[in-house]
Amino acid sequence: MEKIDKFYQFKNLYSCPICKKKIRFHAGSLVCKREHCFDISAKGYVNMLGATKPLKGYDKQFFVNRSEFFAKGYYSHILDAIESAVRNIKEELKADNLVVVDAGCGEGYYSSALAGKIEGLQIIGFDIAADAIACAARSPENVAWTIADVTNIPVKDSVCDILLDVFTPASYKEFGRILKPGGYILKVIPGSSHLKELRQAARDQLMNKTYSGDDVSDYFEQHYDILSRETLTMTKPIDSQTLQTLTKMTPLLFDVDVSRLDLSGIKEITVEAQLIIGRK
């Protein structure tokens with residue numbers, strides 16, 4: 001019951017994705033004024049999207065592999081930068097409590113870590129992939145894991161202090177709706193050297209031989225005041241088993257025949273991202 005009861009403290013942040021009415025907590029469910037009911041799983045998440053279809057490549061094993069790979073620390077520098085930014089914002093606002101929404105949270109790596117490291121955060125982590133949220137809900141941290149669509153976020157207007165958009169598509173209309181005036185958005189996009197070793201090995205099968213996030217960055221700047229940009233890069237040794245896990249958890253290889261790749265020369269892997277902090 002504990003995993004269900006925790007949603008009581010989040011009820012005032014939700015709105016019904018069907019009729020936009022306020023949500024109340026009732027008998028293990030989230031229910032709106034028009035009686036649209038969203039049952040909370042005993043595993044610790046709520047489905048506010050309804051029936052879902054598996055997304056190509058984004059199955060249960062994909063998210064299990066992501067969890068295993070993240071646990072090895074290859075993305076820890078990105079997490080550290082996000083944690084530092086959240087702490088700085090909290091200090092700047094002199095706020096005891098902040099509402100954080102993690103859009104497209106996947107298996108919950110960033111939300112779980114923030115919940116465990118920083119006191120006074122109310123975090124809603126949502127993703128359209130049911131398997132991702134089921135994986136995230138294994139975390140013992142106090143996060144409201146939610147199956148939802150980024151184009152119809154079941155969160156009230158102007159309640160979010162910080163919105164995380166980490167390696168995921170954006171819906172700036174919805175982001176703007178749920179963010180408070182002056183609210184912050186932390187957007188993370190791949191850097192040009194991200195997984196360059198893997199990209200080189202798969203170059204003959206990739207449509208895009210290189211990556212540039214300039215268009216994504218420019219579009220973001222049309223919607224928010226940019227406060228800072230930071231490139232985060234770490235190159236770390238990798239063994240063959242961990243490399244195999246990586247090949248099973250990156251969308252980069254979704255349309256690649258991995259069996260044809262020669263990965264024997266890869267002894268290290270580079271994870272590079274750009275953290276852009278904007279303000280509404």
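Visitor: Which elements do the buried residues of helix 4 pack against?

Guide: They pack against helix 2 (60-70), helix 3 (76-93), strand 5 (98-103), strand 6 (121-127), strand 7 (143-147) and strand 8 (160-166), where contact means heavy atoms within 4.5 Å. The model is predicted, with pLDDT of at least 70 needed for local features and 80 or more for side-chain atom pairs, while totals for chains, interfaces and linings use all residues. Residues are numbered from 1 along each chain as its sequence is written, and side-chain values use heavy atoms, leaving out hydrogens and water.

Visitor: Which residues of helix 4 are buried?

Guide: Buried means under 20% relative accessible area, exposed over 50%, and partly exposed in between (1.4 Å probe, protein chains only). In helix 4 (residues 109-117), the buried residues are Y109, Y110, S111, S112, A113 and L114. Helices (H or I, at least four residues) and strands (E, at least two) are DSSP runs, numbered from the N terminus.

Visitor: How many salt bridges does the structure hold?

Guide: Eleven, each a side-chain nitrogen of Lys or Arg within 4 Å of a carboxyl oxygen of Asp or Glu. One of them joins the side chains of E35 and R24 at 3.3 Å, N to O. E35 sits in the loop between strand 2 and strand 3 and R24 in strand 1 (residues 23-26), so this pair ties together parts eleven residues apart in sequence. E35 is partly exposed at 49%, and R24 is partly exposed at 34%.

Visitor: How are salt bridges inside a helix read?

Guide: An α-helix has 3.6 residues a turn, so residues three or four places apart point the same way. In helix 3, E83 and R87 are four residues apart, about one helical turn. Their closest N and O atoms are 3.0 Å apart in a salt bridge. E83 is buried at 12%, whereas R87 is partly exposed at 39%.

Visitor: Which residues make the nonpolar surface patch?

Guide: Patch residues have over 30% relative accessible area and no salt bridge; like charges are joined within 9 Å, and nonpolar side chains (Val, Leu, Ile, Met, Phe, Trp, Tyr) within 5 Å. Areas come from the Shrake-Rupley method with a 1.4 Å probe, and for residues only the protein chains shown count as cover. Here L49, L55 and I128 make a nonpolar patch of about 200 Å². I128 is partly exposed at 35% and lies in the loop between strand 6 and helix 5 (130-136).
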